[in-house]
Amino acid sequence: MTVTLADVAARARVSPATVSRVLNGNYPVAASTRERVLRAVDDLDYVLNGPASSLAAATSDLVGILVNDIADPFFGIMAGAAQTQIGGPGDGSGRAGGEKLAVICNTGGSPERELTYLTLLQRQRAAAVVLTGGAVENPAHQAAMSAKLTKLADAGTRIVFCGRPPLPEGDALVAALTFDNRGGGRRLAEHLISLGHRRIGYVAGPPERTTTRHRLEGHREALSAAGLDAAPGGADGGRGPDDQDRLTVHGPYDRRSGYEATLELLRRAPDVTAIVAANDTVALGACAAVRDQGMRIPQDISVAGFDDLPFSVDAVPALTTVRLPLFEAGARAGRLAMGKENPPPGGIATIAAELMIRGSTAAPRG
């Protein structure tokens, strides 16, 4: 026999409306009453009808977390951290009293898939959506995203960006937590320049991504400040802006891209003494390519990454990189999505990047 909400109400000696308020978590209920209702739910093994409940409420108990690639630790860490904050009261009892169900939506980096997931979450009346990682810099896609997020927000869905800047029309957001990718890229290049490197190759990510542009802009800001983008014959052997393009190869954020792009970079400019990779996974591919060319790290060439993913310290030699507090950012995004934390002033918070100097970088020889 199916247990009904009325059965729970009778067991807890409250009205069905009170049971509904406790289970939906959308109305204040006295602690003693809430405890009595939850005990009745446990005793009767009552299961709330999620779809029916969502039709009656402004939003459901569903939270969507959009990632480019869940197999990438960059996204996995943020998504996992966000999920730790999306479980409701967190009293460890396993009771169904206002908890939310986090669903990971893997876009594969596809702008179209990103919009499709947002549409599906809209149909499910998602309570919140957390979008992680860099955004696609395409005006048409940005306009479509802004329109879709506005519809979600108007329906009561809380929108949080984690690791990506706000859209030009970002009124729908609760908050945007952005990483200081530009500052991190600049400090990493400054580190290499301080060691004496003057020919620095760069293995960049996809050109249409905000993360790619910001990290590369920071890198080139440091080169410019050191006079390394000067015209031929300029300070410190600068060889002109065109040379910086020749020293940059774009590709996906994966190991294979790092390997192939590094081989291309070494073909173009065999005199480079350091290589900066778009992220740590790309850096692993770069290290493999360097070794396959018979060179040693860092004796013959330095290699650096970005993100400080867990494996970075275990690379041989340990990888110099830029640390982004991925877990902390993901957890904060989860709290913001659940309304557990007030949004930052203006809705935007820039999260600092920290340079981690390890054994993969050293002064050039000779």
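**Figure 1. Arg164 and Glu114 are both buried.** "Buried" here means under 20% relative accessible area, while exposed is over 50% and partly exposed is in between, using a 1.4 Å probe and protein chains only. Before going further: this is a predicted model, where local features need pLDDT of at least 70, side-chain atom pairs count only at pLDDT 80 or more, and totals for chains, interfaces and linings use all residues. Residues are numbered from 1 along each chain as its sequence is written, and side-chain values use heavy atoms, with hydrogens and water left out. A salt bridge is a side-chain nitrogen of Lys or Arg within 4 Å of a carboxyl oxygen of Asp or Glu, and Arg164 and Glu114 make one, 2.9 Å from N to O. Arg164 sits in the loop between β4 (158-162) and β5 (175-179) and Glu114 in helix α6 (residues 111-123), so this pair ties together parts that are 50 residues apart in sequence. Those element names come from DSSP runs, numbered from the N terminus: helices are H or I with at least four residues, and strands are E with at least two.

**Figure 2. Arg215 and Asp307 meet in a salt bridge, 2.7 Å from N to O.** This pair links distant parts of the chain, 92 residues apart: Arg215 belongs to helix α9 (residues 210-225), and Asp307 to the loop between β9 (302-304) and β10 (321-323).

**Figure 3. Glu341 forms a salt bridge with Arg335, with the closest N and O atoms 2.8 Å apart.** Arg335 counts as partly exposed, at 26% relative accessibility. Elsewhere, salt bridges that share partners join Glu137, Arg182, Arg213 and Glu217 into one network. The salt-bridge count comes to 19.

**Figure 4. Phe74, Phe75 and Phe179 form one aromatic cluster.** Rings of Phe, Tyr and Trp (its six-membered ring) pair if their centres lie within 6.5 Å; planes under 30 degrees apart count as stacked, over 60 as edge-to-face, and the rest as tilted. How many aromatic pairs does this rule give? The count is two. The rings of Phe74 and Phe75 have centres 5.0 Å apart and planes at 80°, so they are edge-to-face. Phe74 and Phe179 are an edge-to-face pair as well, at 6.4 Å centre to centre and 70° between the planes. With Phe74 in helix α5 (residues 73-84) and Phe179 in strand β5, parts that are 105 residues apart in sequence get tied together, so this pair reaches across the chain.

**Figure 5. The largest nonpolar core has 46 residues, of which Ile65, Phe74 and Phe179 touch the most other members.** A core is a set of buried Ala, Val, Leu, Ile, Met, Phe, Trp, Tyr and Cys residues joined through side-chain atoms within 4.5 Å. Helix α13 (residues 326-338) gives this core its largest share, six residues. A second, separate core has 19 residues, including Val249, Leu266, Val272 and Val303.

**Figure 6. Strand β6 (residues 200-204) is largely enclosed by the rest of the structure, because five of its five residues are buried.** In a regular strand the side chains alternate between the two faces of the sheet. Here Ile200, Tyr202 and Ala204 point one way, and Gly201 and Val203 the other way. Two strands pair if DSSP finds at least two bridges between them. Four bridges join β6 to strand β8 (residues 274-277), running parallel, with Val203 partnered by Ala277. Three bridges join β6 to β7 (residues 248-250), again parallel, and Tyr202 stands opposite Thr248 there.

**Figure 7. Ala261 is part of helix α11 (residues 255-268).** Ala261 counts as buried at 5% relative accessibility. Setting aside neighbours within four places in sequence, Ala261 is in contact with Val203 and Val249.

Technical notes. Contact = heavy atoms within 4.5 Å.
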